[in-house]
Amino acid sequence: MSGLTDSEDDGLPYVCLACETALEVQHHNCPVCGSFDIRCSKWIRE
Ligand SMILES: [Zn+2]
């Protein structure tokens, strides 16, 4: 287990794509802006 670092995963696992609010749990829609574009943050890592 070397080479890859998962240390970026220490934060909130979900993110709203509309307002970029990080979320601890997956909501049906964003509690901040109401968007339904909640994604797992690891999916949108570049
Ligand atoms: Zn939002």
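Predicted model: local features only at pLDDT ≥ 70, side-chain atom pairs only at ≥ 80, totals over all residues.
What percentage of the 46 residues in the protein is made up of buried residues? The figure is 9%.

Let me begin with the secondary structure. The protein has three strands and zero helices, and the pattern read along the sequence is accordingly β-β-β. The three strands form an open sheet in the order 2-1-3, with antiparallel pairing. As a general point, the strands of a sheet pair through backbone hydrogen bonds, in either a parallel or an antiparallel manner.

Strand 1 comprises residues 14-16, and three bridges join it to strand 3, the two running antiparallel. Within this pairing, Val15 is placed opposite Arg39 of strand 3.

As for contacts in the protein with a separation of 6 or more, 23% of them are accounted for by residues 24 or more positions apart.

I turn now to the segment before strand 1. Pro13 belongs to this segment. Which residues does Pro13 touch, leaving aside those up to four places away in sequence? They are Cys40 and Ser41. Pro13 and Ser41 are 28 residues apart along the chain, and their C-alpha atoms are separated by 5.4 Å. Pro13 itself is partly exposed, because 14 other C-beta atoms lie within 10 Å.

Gly11 is also found in the segment before strand 1. With 9 other C-beta atoms within 10 Å, Gly11 is exposed, since the cut-off for that class is 12 or fewer. The C-alpha atom of Gly11 is separated by 8.2 Å from that of Glu24, a residue 13 positions away along the chain.

Next, the loop between strand 1 and strand 2. Ala18 is located there. When residues up to four places away in sequence are not counted, Ala18 touches Cys30, Cys33, Ser35 and Asp37. Ala18 also has a C-alpha separation of 8.3 Å from Ile38, which is 20 residues apart from it along the chain. There are 15 other C-beta atoms within 10 Å of Ala18, and this residue is therefore partly exposed.

The loop between strand 1 and strand 2 also holds Glu20. Is Glu20 buried or exposed? It is exposed, as 10 other C-beta atoms lie within 10 Å. The backbone of Glu20 deserves a remark: its phi is near 65 degrees, a positive value in a residue other than glycine.

Finally, I come to the loop between strand 2 and strand 3, where Asn29 lies. Asn29 touches Gly34, Ser35 and Phe36, again not counting residues up to four places away in sequence. How far apart in space are Asn29 and Cys16, C-alpha to C-alpha? The distance is 8.4 Å, for two residues 13 apart in sequence. Asn29 is partly exposed, with 13 other C-beta atoms within 10 Å.

To draw the description together: the sheet is open, with strand order 2-1-3. Strand 1 is joined to strand 3 by three bridges. Pro13, in the segment before strand 1, touches Cys40 and Ser41. Thank you for your attention.

Methods:
Residues numbered from 1 in each chain as written. Pairing = 2+ DSSP bridges. Helix = DSSP H or I, 4+ residues; strand = E, 2+ residues; numbered from the N terminus. Buried ≥ 20, exposed ≤ 12 C-beta atoms within 10 Å, placed from the backbone. Contact = placed C-beta atoms within 7 Å.
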